[in-house]
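User: Could you please take me through this structure step by step? I am new to reading models of this kind.

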Amino acid sequence: MPIWLEAGFWGLLAGSALVLGASVSWFLNVPQRVVAGVMAFGAGVLISALAFDLVDEAETTGGLPPTVLGFLGGAAVYVAANVALNQYGARHRKRSGAQQPSESQHQGSGAAIAIGALLDGIPESVVLGLSLLSGEGVGIAVLVAIFISNLPEGLSSAAGMKQSGRSARYVFGVWGGIAVASGLAGLLGSVLLQDASPATIATITAVAAGAILAMVADTMIPEAFERTHLYTGFIATLGFMLAFTVQRLG
């Protein structure tokens, strides 16, 4: 299978976890405390993958200065885009409660939430595409981390969308579209950077990693802490150690 096609497949697979999470939330009454606990676990998984796979690999391949600049740049771009989207009603897009505004409460919030979900998912898929360029196959630890973290994202956000009166067509249209976009992002990441230098790939990996960490801190951890409170840290630690174990055994 060509690398670009494989990258698209893994990106689509990771993105499909969003649809799976949304389906569970839409058809089953999942307690918000459970959703928050899974969100805390997913946050810990992602943080571990960032530390031991993405940032470490970027620094080893491209050196410390490109890694630092790329990491901070990715976080800055994500935060700037997130601040802009918050003004249009996307601030609580991952919240499972009644925080998300309906379209009647905030005109244009539906589109902003969809764009925000896309903003959250694209860096993860680009990283999957880049991981294939080494010739050693997809990074299993990163794939597992993204899939596990996407489940509570779909769960939590779809619950909030349902409470705000969004239709099933909107909810599954958003998450289905994000899953397809994730596949395309992985595909394009491998195609456009196939002949790039190791330093370039390392920098872009660091950019994506910075964006992912900013997303975890801005959207996932607040949702988790709101419901699990003092247990959030321990649950996130469990997720962190699971991802670390997968990385070491992989």
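Analyst: Let us begin with a term. A residue is called buried when its relative accessible area is under 20%. Please also keep in mind that this is a predicted model.

User: Which residues of α8 are buried, then?

Analyst: The buried residues of α8 are Thr232, Ile235, Ala236, Gly239, Ala243 and Gln247. They lie on the same side of α8, because they cover an arc of only 120° around the axis.

User: Why would residues spaced like that point the same way?

Analyst: An α-helix has 3.6 residues a turn, so residues three or four places apart point the same way.

User: What covers the buried residues of α8?

Analyst: The cover includes α2 (32–62), α5 (140–163) and α7 (198–228). On the face turned away from the buried side, α8 carries the exposed residues Phe234, Arg248 and Leu249.

User: How far apart are the end C-alpha atoms of helix α8?

Analyst: They are 26 Å apart. Helix α8 has 18 residues (232–249) and, at 1.5 Å a residue, should span 26 Å, so the two values agree.

User: Let us step back. How many helices and strands does the chain have?

Analyst: The chain has eight helices and zero strands. Of its 250 residues, 48% count as buried.

User: And what share of the contacts joins residues at least 24 apart?

Analyst: That share is 84%, taken among contacts between residues at least 6 apart in sequence. Thr61 and Thr203 are 142 residues apart in sequence, and their C-alpha atoms are 9.2 Å apart in space.

User: What is Thr61 in contact with?

Analyst: Leaving aside neighbours within four places in sequence, Thr61 is in contact with Pro198 and Ala202. Thr61 counts as partly exposed because its relative accessible area is 38%.

User: Now the surface. Which residues make the nonpolar patch?

Analyst: Met1, Trp4, Leu5, Leu12, Val180, Leu184, Leu188, Val191 and Leu192 make a nonpolar surface patch of about 900 Å². The chain exposes about 11,100 Å², and carbon and sulfur atoms supply 70% of that area.

User: Which helix gives the largest share of the patch?

Analyst: Helix α6 does, with five residues. Both α1 (3–27) and α6 (168–192) supply at least two residues each.

User: Is Leu184 buried, partly exposed or exposed?

Analyst: Leu184, which lies in helix α6, counts as partly exposed because its relative accessibility is 49%.

Conventions:
Residues are numbered from 1 along each chain as its sequence is written. This is a predicted model: local features need pLDDT of at least 70, side-chain atom pairs count only at pLDDT 80 or more; totals for chains, interfaces and linings use all residues. Side-chain values use heavy atoms; hydrogens and water are left out. Patches are made of residues with over 30% relative accessible area and no salt bridge: like charges are joined within 9 Å, nonpolar side chains (Val, Leu, Ile, Met, Phe, Trp, Tyr) within 5 Å. Accessible areas come from the Shrake-Rupley method with a 1.4 Å probe; for residues, only the protein chains shown count as cover. A salt bridge is a side-chain nitrogen of Lys or Arg within 4 Å of a carboxyl oxygen of Asp or Glu. Helices (H or I, at least four residues) and strands (E, at least two) are DSSP runs, numbered from the N terminus. Buried means under 20% relative accessible area, exposed over 50%, partly exposed in between (1.4 Å probe, protein chains only). Contact means heavy atoms within 4.5 Å. The expected span of a helix is 1.5 Å times one less than its number of residues. The arc is that of the directions from the helix axis to the C-beta atoms.
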